[in-house]
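This briefing concerns the model shown below. Please read the points alongside the sequence and the structure.

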Amino acid sequence: MKQPQASAFDHLVEQYLALESLEVTEELLNLCGASIDTRALPLLRQRLREEEAQLPQLEARCYVRLREKGEQLIASLRPLIAALEQEKDT
Amino acid sequence: VLGECNYANKCVTCPMWLTSTDDLPALKSFYERAVRLRQRAQEVGNQVVVQQQTHIITNLTVRLKSLEEPEADGALSLDEWLSQLRTDLAEAESGLEEARAAGLLLAAKHLERVISELKARLAALEGTNR
């Protein structure tokens with residue numbers, strides 16, 4: 001269980017958690033405890049896949065606000081996952 | 001709260017979030033889940049989640065109170081109304097900046113309309129206050 005350097009990483013976590021549902025946030029607390037680390041990667045990747053899969057459906061149904069929220073969540077998940085993967089590889 | 005949205009915690013800070021007394025049960029459930037999550041975050045020592053849930057709980061408390069005590073609105077004096085409208089206007093203007101920065105065009109348009117309406121109401125009320 002590794003965690004990238006603070007500050008920029010903390011900002012990524014804050015951005016992501018502000019958009020995430022209470023249920024997933026609770027799962028992350030159970031997985032990682034006090035701070036998000038590499039143990040969260042499988043769940044974060046799963047959330048990214050779910051959100052990406054949902055976007056075309058939202059687009060097709062013209063759910064503009066939901067699509068915007070999905071895009072924001074994806075935009076916050078990608079750099080967070082990248083930061084954690086980089087840390088895992090080092 | 002009731003729709004398909006998976007990001008329940010996002011509504012609380014959304015300037016376009018509209019609720020009525022019909023939403024009270026769902027809002028109370030939301031409040032209780034946020035309290036439980038904050039408790040869990042405190043147990044594991046996750047300060048980010050504690051802070052975010054505290055913010056959500058504070059906003060929900062205000063909203064629940066305003067829905068449960070609607071008679072308080074009718075008791076506002078003219079000065080209190082003006083003060084409330086100025087606060088709403090400041091929040092809407094701040095929300096507009098955020099919406100523009102995030103590229104949320106529909107939200108920005110909606111907020112522009114809200115700001116126009118608030119300004120008109122303020123102007124009308126200020127006229128009666130002179």
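A residue is called buried under 20% relative accessible area, exposed over 50% and partly exposed in between, using a 1.4 Å probe and protein chains only. By that criterion, buried residues form 44% of the 90 residues in chain A. The model is predicted, so local features need pLDDT of at least 70 and side-chain atom pairs count only at pLDDT 80 or more, whereas totals for chains, interfaces and linings use all residues. Residues are numbered from 1 along each chain as its sequence is written, chains are lettered from A and ligands numbered from 1 in the order written, and side-chain values use heavy atoms, without hydrogens and water.

**Chain A**
- Chain A contains four helices and zero strands, where helices (H or I, at least four residues) and strands (E, at least two) are DSSP runs numbered from the N terminus.
- In sequence order, the pattern of chain A is α-α-α-α.

**T25(A)**
- T25(A) lies in helix α2 (residues 22-32) of chain A.
- T25(A) counts as buried because its relative accessibility is 3%.
- Contacts (heavy atoms within 4.5 Å) link T25(A) to L17(A), E20(A), L37(B) and V49(B), leaving aside residues up to four places away in sequence.
- The backbone oxygen of S21(A) is 2.7 Å from the side chain of T25(A).

**Helix α5 of chain B**
- The buried residues of α5(B) are L82(B), L85(B), L89(B), A92(B), G95(B), L96(B) and A99(B).
- An α-helix has 3.6 residues a turn, so residues three or four places apart point the same way.
- After α5(B) comes G103(B), with a positive phi near 75 degrees.

Key. Polar contact = N/O pair within 3.5 Å; in protein donor to acceptor, adjacent residues only side chain to side chain.
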